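Trainee: I have a model open and would like to go through a few spots. Can we start with the aromatic side chains?

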Amino acid sequence: MPKVSLNGIELFYDSKGTGEPLLLISGFLCDHTYWSVIMPDLTAQYQIIRIDNRGVGRSSAPDNPYGLQQLAHDAAALLEHLNIDQVHVAGHSMGGQIAQELALLYPQKVKSLILLSSLAKGDERFNQIISTWGELLQRIDTKLYQQVVLPWIFSDNFYSVPDMVEQLIEWAVHYPFSPPVHSIYHHSRAILGADTINRLQNILCPTLILVGKQDILTPLKFSQQLSTGIPQARLSVIEGGGHGFIIESPRIVAKEMLDFLAQPNSKR
């Protein structure tokens, strides 16, 4: 699992499978492992490239402010390093915001776009949540932090599975590559400063927008705004899924992604 020096940092990435390349970009608090449950389905047909955004996982975590455009530049630099001219891109939540910036900044590189549980710009409620999450770990421990955050991520059905949430919390508490407190703060501020509403019409590649019907963090209205603004967008709503539907309903999400990628218009 290699690292590469680019844009002044060490960027960790992981590449598995063969076929057309598909870049996966994780969201707030998450590194490349967030996609693990759907990897077997995706790597059966595509070369899957996962990155740890600067500040998380095994990538460098500089203690300075940056925006989501910087994270898009990092992803583009990795594609250059790998000699990949064009790529399908999927991003979850904040990762979807980074993916939008990548498609806007480097339109020639992005064949198609998949935005999962994402948004163009947060409203006041969303921004208050993200602002609080960005500061909260300065005041409480990791276990309590996860207990506060996870109800916003997973659905009622997921919480009804015995010990499931407790196992996730224990995994997070003991995970050796948890992001440092300063990175969580900088990522939260990058999200608060993000806004593609008036640029969505410039995303010209085929786009699939996926959202869980029970997503209370980035609810359906955010995905509807994306689908209205992006010219070649299609919206699909996953029944019963929350914000973390990649973990809750991996086979359904993987099938939606693969069906979209198999369409001729996503292979321009």
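Trainee: Where does Trp171 fall, buried or exposed or partly exposed?

Mentor: Trp171 is partly exposed, because its relative accessibility is 47%. The classes use a 1.4 Å probe on protein chains only: under 20% relative accessible area is buried, over 50% is exposed, and in between is partly exposed. Bear in mind that this is a predicted model, where local features need pLDDT of at least 70 and side-chain atom pairs count only at pLDDT 80 or more, while totals for chains, interfaces and linings use all residues. Side-chain values use heavy atoms, without hydrogens and water, and residues are numbered from 1 along each chain as its sequence is written.

Trainee: How many aromatic pairs are there?

Mentor: The count is 5 aromatic pairs. Rings of Phe, Tyr and Trp (its six-membered ring) pair if their centres lie within 6.5 Å; planes under 30 degrees apart are stacked, over 60 edge-to-face, and the rest tilted. Trp171 and Tyr175 are stacked, because their ring centres are 4.6 Å apart and their planes are at 25°.

Trainee: And what does Tyr175 do with Phe177?

Mentor: Tyr175 and Phe177 make an edge-to-face pair, with 5.9 Å centre to centre and 70° between the planes. Trp171, Tyr175 and Phe177 form one aromatic cluster. Within it, Tyr175 is buried at 15% relative accessible area, whereas Phe177 is partly exposed at 29%.

Trainee: Which charged end sits over the ring of Phe177?

Mentor: That of Arg58, 4.2 Å from the ring centre. The rule asks for NZ of Lys or CZ of Arg within 6 Å of the ring centre and within 35 degrees of the ring normal. Arg54 also lies over a ring face, that of Tyr66, at 6.0 Å from the centre.

Trainee: Back to Arg58. What is the C-alpha separation between His32 and Arg58?

Mentor: It is 9.4 Å, for two residues 26 apart along the chain. His32 and Arg58 are also in contact (heavy atoms within 4.5 Å).

Trainee: Which strands does β3 pair with?

Mentor: β3 pairs in the parallel sense with β4 (residues 47–51) over 5 bridges, and with β5, also parallel, over 4 bridges. Pairing requires that DSSP finds at least two bridges between the strands. Ile25 has Ile51 as its bridge partner in β4 and stands opposite Gly91 in β5.

Trainee: Which way do the β3 side chains point?

Mentor: Pro21, Leu23 and Ile25 point one way and Leu22 and Leu24 the other, and all are buried.

Trainee: Last one: how many disulfides?

Mentor: There are 0 disulfides, taking a disulfide as a pair of cysteine sulfur atoms within 2.5 Å. Cys30 is partly exposed at 21% relative accessibility, and Cys205 is buried at 4%.

Notes. Helices (H or I, at least four residues) and strands (E, at least two) are DSSP runs, numbered from the N terminus. Lists of a residue's contacts leave out its neighbours within four places in sequence.
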